[in-house]
Amino acid sequence: MDTLNLLMQGFATAATPMNLLYAFLGVLLGTAVGVLPGIGPAMAVALLLPLTYGLEPTSAFIMFAGIYYGGMYGGSTTSILLNTPGESATVITAIEGHRMAKAGRAAQALATAAIGSFVAGTIGTALLVAFAPPVVDFAVSLGPSSYLAIMVLAFIAVTAILGSSKLRGFASLGLGLAIGLVGIDPVTGQQRLVFGQPLLADGLDVIVVAVAIFAVGEALWIAAHLRRNPLSTIPVGRPWMGKQDWKRSWKPWLRGTAYGFPFGALPAGGAEVPTFLSYVTEKRLSKHKEEFGHGAIEGVAGPEAANNASAAGTLTPMLALGLPTNATAAVMLAAFTQYGIQPGPLLFDNEPDLVWALIASLFIGNTLLLLINLPLAPLWAKLLQIPRPYLYAGILFFATLGAYAVNLQAFDLAILLVLGLLGFAMRRFGLPILPLVIGLILGPRAEGQLRKALQLSGGDVAGLWSEPIAIGVYIAVAALLALPLVLALVRRRRPQAAAALAAAEGPTAAAAAVAEEPATDRAAARDRAAATDQAAAPDQAAAPDRAAAPAPEERQPHHKDSHSHEKESL
Amino acid sequence: MTTIASRLKGRAELGFAALLGAVGAAVLIDASRLAVPYSQSDPVGPKTVPFIVGGLLVVCAVLLVVDVLRGGRGEAEGGEDVDLTHPTDWRTVLPLLAAFVLNILIIDIAGWVISGALLFYGSVWALGSRRYVRDVIISVALSLATFYGFYLGLGIRLPAGFLTGVL
């Protein structure tokens, strides 16, 4: 009941005309920027951050809420109308969505994506309202050792589960942690990695780093491999659905939501696994199996709902624990700290107005999204035809502007360039971006918790596992690290049993199931590449010697189809 | 000798491993220079975490070298407008970087309207647009619009540089 009151108050704050305007602007800009090819939700949030500098925190976060959902939705429009998806979360949407669009059913594909996003986003946000307070109650009872354990879990999870190369994941994590170290040590006041440069003493601005890695790195990378003959887009009218489409869509929406939310809330859950699972489920349950691979509406409705529910799920650990689990949430967290606000359990006590206004505006933003996107779809389709030189020059231009506006010093632009080149190199050499961002943001806080934990125990290392929660989490970490090892051992002894075991694993199950299907087209082939990756991953970690020289059939699809499914919603 | 040479060919990734190792070494050296005051309230001290991070980076660098020499390769990232069938196009990237560096050098002197317009124009040119008149108009319009937008809308004064008093 109390929660409901707080939520109502949140609505009262968020529903003032001015704040509604910010929510509207956020949704509009978020969708527009998200639709642009090459720009995913994380980059959209990073690029749009400067616009909120002049606002007070509440209005700024209301605008963020709009940008967040808008950016998520924008990505699916891109993947339906252009065949190649920009982010991993919409890979699945692209398979059936683009086939529907080609078959002249783009309007229905966009409609089921928009309405499914709305349904999933609304249910997901309601679940956030239901789950966040208990998680907060639980979290305030945790001591520093438990927090440290949870952060270690987040590090290991984003590094070791996602991505095809764990080694490259850890390298990326290390780079992020190193960037996070720059500046004055908060406990002893000593300068670390400052190299006598006074402008580094305050540490690197997280916004500058995020813009550098996401926007500058990406723009340079695309520029280096720019497609000279841009993909053709499919023109579309106003999205609508017939009675039959509704009948076939509503169940996938609900099932997709059920997959998406819990995975979004887990560290390293992300949107890839639930969208895979949803696709496979819908294919199994569908009465129109023959349509799959040729544009089945269920194959758009389910994964799209899963994608958006996962976006809502992500906000649960972010708001309640201060723990970002995907790149977009990490950038949002950076924005919070920009305002001197530390997300985490205390946020609900210290700034209840702000938190509940943010949650209320998620509901509002989600509704606006539906109202705006159905009529504006033809306009979004036009955005896809923007000449590429203007698009990528524009990204560099606005990235520069945003990074410069933080402190108005040219030095930040030099940092932007150096880290932008790092982002470029990471994309070139297959280092995932997410571990870097998580390391950068959580690293300093993990160090703080480590020092607090050992301070409480008087320097006794046992203080690190003084709480039962901490022990439990470390067991989970050990299990995560050991799992691929065990799988590989079993597989080596009994290839048959291992296959069954692998199929019982969540992510692998989805991938493997997709792989079982006959390859009818390129899209399916791409899936198989992803599936082979996932199946191959455990082996690689367990046996470095085998990882280095993997069986040719394991590696080949991987190289040819370089759609990295681990690329976290950029 | 020839085997080593052939092994090194096409392994630019080793350069990245070297970069990782260099960053790791820098973190370790920097950490070793920190003074650790004895303190009851901070048994961990400022060195511990940098040592862990530096160690992690060095270990990753070494493992990456081993992996690359054994034939492992990082998977380059795809995307909507990315065509990985042709190699890195330095003739696009280098002019882009030049435009970016020019902006850094002149932004405080010439002001955002001039440097931003040059940045956008240079980038568009580097990316292959050759409609000179339209590009110039768009560049100037964008930098003017953002200058006034930030000033009037957000209260942020971007530097006016040479045009102080005019704008």
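A:Leu408 is placed in the loop between H15 and H16 of chain A, where helices (H or I, at least four residues) and strands (E, at least two) are DSSP runs numbered from the N terminus. Although A:Leu408 is not a glycine, its phi is positive, at about 55°. A:Leu408 is partly exposed because 14 other C-beta atoms lie within 10 Å; a residue is buried if 20 or more other C-beta atoms lie within 10 Å of its own, exposed if 12 or fewer, and partly exposed in between, with C-beta atoms placed from the backbone. The model is predicted, so local features need pLDDT of at least 70 and side-chain atom pairs count only at pLDDT 80 or more, whereas totals for chains, interfaces and linings use all residues. Residues are numbered from 1 along each chain as its sequence is written, while chains are lettered from A and ligands numbered from 1 in the order in which they are written.

A positive phi, near 55°, is also found at A:Phe195, a residue other than glycine. A:Phe195 belongs to the loop between strand S2 (191-192) and H8 of chain A. A:Phe195 counts as exposed because it has 10 C-beta neighbours inside 10 Å.

Chain A contains 23 helices and 2 strands. Of its 570 residues, 62% count as buried. Among the contacts in chain A with a separation of 6 or more, 79% come from residues 24 or more positions apart; two residues are in contact if their C-beta atoms, placed from the backbone, lie within 7 Å.

A:Ile67 counts as buried because it has 33 C-beta neighbours inside 10 Å. A:Ile67 and A:Gly26 are 41 residues apart in sequence, yet 4.6 Å separate them in space, C-alpha to C-alpha. When neighbours within four places in sequence are left aside, the contacts of A:Ile67 include A:Gly26, A:Leu29, A:Ala44 and A:Leu48.

The largest nonpolar core has 227 residues; such a core is a set of buried Ala, Val, Leu, Ile, Met, Phe, Trp, Tyr and Cys residues joined through C-beta atoms within 7 Å. The residues with the most contacts inside this core are A:Ala46, A:Ala210, A:Val211, A:Leu416 and A:Val437. Helix H5 (residues 91-140) of chain A gives the most to the core, with 23 residues. Beyond its neighbours within four places in sequence, A:Ala210 is in contact with A:Ala46, A:Val331, A:Ala334 and A:Val437.

Helix H9 (residues 243-265) of chain A has 23 residues, which at 1.5 Å a residue should span 33 Å; its end C-alpha atoms are 34 Å apart, in agreement. The expected span is 1.5 Å times one less than the number of residues. A kink of about 30° lies in H9(A) at A:Ser249, shortly before the proline A:Pro252; the bend at a residue is the angle between axes fitted to the seven residues ending there and the seven starting there.

The contact between the chains takes 70 residues from chain A and 65 residues from chain B. H15(A) gives the most to the side of chain A that touches chain B, with 11 residues. By class, that side of chain A has 40 nonpolar, 20 polar and 10 charged residues; Ala, Val, Leu, Ile, Met, Phe, Trp, Tyr, Cys and Pro count as nonpolar, Asp, Glu, Lys and Arg as charged, and the others, Gly among them, as polar.
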